[in-house]
Amino acid sequence: MSNPNKENYDAHITRLKALGAKILSFNTPCCGKVVETQAPVFPAAWASQENCPHCGKLYLKTSTAREAFATPE
């Protein structure tokens, strides 16, 4: 079965990597799978609600220039 959210996520990460963006990875709190995300430029920090590209559940993602992590929503 096709997962359009996962396909969109994969395409987005592939584009970021091709552009040379710094990529961070973390495990999701919902299903424990690894997700990659773009790192903000220091000293910025980003926080956002995200849907897991693997299982679709919502979590809160926090990213800095050095790390990214997620907490349950």
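Predicted model: local features only at pLDDT ≥ 70, side-chain atom pairs only at ≥ 80, totals over all residues.
Is Lys61 buried or exposed?

Lys61 sits in strand β4, which covers residues 58-63. Its relative accessible area is 10%. Since the cut-off for buried is under 20%, Lys61 counts as buried because its value is 10%.

What surrounds Lys61? Setting aside neighbours within four places in sequence, Lys61 is in contact with Phe26, Thr37, Trp46, Ala47, Ser48, Glu50, Phe69 and Ala70. Take a look at Thr37 in that list: the side chain of Lys61 makes a polar contact with the side chain of Thr37, at 2.7 Å.

Now let your eye move along the strand to Ser63, which also belongs to β4. Ser63 is buried too, with a relative accessible area of 0%. Not counting residues up to four places away in sequence, Ser63 touches Thr37, Gln38, Pro40, Ala45, Trp46 and Ala68.

Strand β3 spans residues 46-51 and pairs with β4 in the antiparallel sense, over six bridges. For one example you can trace on the model, find Gln49 and follow its bridge to Leu60 in β4.

How many residues lie between β3 and β4 in their hairpin? There are six, and in the turn you will find Gly56, with a positive phi of about 85°.

Key: Residues numbered from 1 in each chain as written. Heavy atoms only, no water. Helix = DSSP H or I, 4+ residues; strand = E, 2+ residues; numbered from the N terminus. Buried < 20%, exposed > 50% of the residue type's maximum accessible area, 1.4 Å probe, protein only. Contact = heavy atoms within 4.5 Å. Polar contact = N/O pair within 3.5 Å; in protein donor to acceptor, adjacent residues only side chain to side chain. Pairing = 2+ DSSP bridges.
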